[in-house]
Structures are given as C-alpha cells and as structure tokens.
Amino acid sequence: SSGINAEYGQLNSESEAVKTEIMKVKSEGEKISSKISDLEDQLSGIHNGHLPSELQGEALARIHKQCIGTVEHIMKLLEQLDSLQTSDQSMRQLKRNTVLSTQKLLDRCDKMMEKL
C-alpha cells in the first residue's frame, strides 16, 4: 500500500509541476492575445484612414516588427508546452487545449501580417 501511495504522490507532484507550467503559458497567452488585439485595432485604424498617409508606412513597419516578435514569443511558448511530459490524462488534455489556443494566436498573427 505504501508503494502505491508513494507512486501516486510522485505522479501528483509531477502533475502539479506540469499544471503550473501550463498555467504560466496560458497566462502568457492571454497577455499575447491582448497585445494582438491592440495591434489588430491599430491596423484596422490605419486601413480605415485614421492616420495621415505620410505616417502609415512607419506605423505599418512598427506593427510588422511587433508581429514578428509576437510570433517568436508564441513559438517559444509552444516549445515550452512541447517539452512537458506527463502520463496524467487530465494534464495531457489541458496541455492539448493550451497548445490549440496558443496556435490560434499564431493564426491571428499570420492573418494580420497578410494585411500589412
């Protein structure tokens, strides 16, 4: 019986460590989502003529640079998630869902960069 409890305790602490890492990534993802929304708003404003044409090139270049940095940040988050190993089904599902939501952030960046 003590062997089972020790194994469960080890699994439980492994799961907690994985969950902590996943939650950090989710939190970063929420910050990135907010940043992408700001960039989307800026781009929309430019496309709707809210910025004098002589300033648009510089603004678009700045947005492009921020998009590239954001994509790099997202890729690092995906690498972090990829490195997490666990046998706990609920943690695997949480990881899978977090990977999917993080990939959606990449898609948003890609769509935005197509408009630049």
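This is a predicted model: local features need pLDDT of at least 70, side-chain atom pairs count only at pLDDT 80 or more; totals for chains, interfaces and linings use all residues.
Two residues are in contact when heavy atoms of one lie within 4.5 Å of heavy atoms of the other. Leaving aside residues up to four places away in sequence, lysine 95 touches Ile22, Leu81, Asp82 and Leu84. Lysine 95 is found in helix H3. Although lysine 95 is buried, it has no salt bridge. The nearest side chain of opposite charge belongs to aspartate 82, and it is 5.1 Å away. A salt bridge requires a side-chain nitrogen of Lys or Arg within 4 Å of a carboxyl oxygen of Asp or Glu, so this cut-off matters for the pair.

The protein contains 3 helices and 0 strands, and reading along the sequence gives the pattern α-α-α. Along its principal axes, the C-alpha trace spans about 75 × 15 × 15 Å. The radius of gyration is 20 Å, whereas a compact globule of 116 residues would have a value near 13 Å. Among contacts with a separation of 6 or more, 82% are between residues 24 or more positions apart.

Of the 116 residues, 27% are buried.

Turning to charged pairs, a search of the whole structure finds 3 salt bridges. One of them joins arginine 108 to glutamate 40, with the closest N and O atoms 3.0 Å apart. Arginine 108 lies in helix H3 and glutamate 40 in helix H1, so this pair ties together parts that are 68 residues apart in sequence. Arginine 108 is partly exposed, with a relative accessible area of 22%. Glutamate 40 also counts as partly exposed, at 30% relative accessibility.

Another salt bridge links glutamate 21 with lysine 24, and here the closest N and O atoms are 3.2 Å apart. Why are these two residues separated by about one helical turn? The reason is that glutamate 21 and lysine 24 are 3 residues apart in helix H1, which runs over residues 2-47. Glutamate 21 is partly exposed at 26% relative accessibility, and lysine 24 is partly exposed at 47%.

Glutamate 28 and lysine 31 form a salt bridge too, with a closest N to O distance of 3.5 Å. These residues are 3 residues apart in helix H1, so about one helical turn separates them. Glutamate 28 counts as partly exposed, at 24% relative accessibility. Lysine 31, on the other hand, is exposed, with a relative accessible area of 54%.

Terms used. Residues are numbered from 1 along each chain as its sequence is written. Side-chain values use heavy atoms; hydrogens and water are left out. Helices (H or I, at least four residues) and strands (E, at least two) are DSSP runs, numbered from the N terminus. Buried means under 20% relative accessible area, exposed over 50%, partly exposed in between (1.4 Å probe, protein chains only). The radius of gyration is taken over C-alpha atoms; the globule rule is 2.2 Å times the number of residues to the power 0.38. Lys and Arg count as positive and Asp and Glu as negative; His and the chain ends are not counted.
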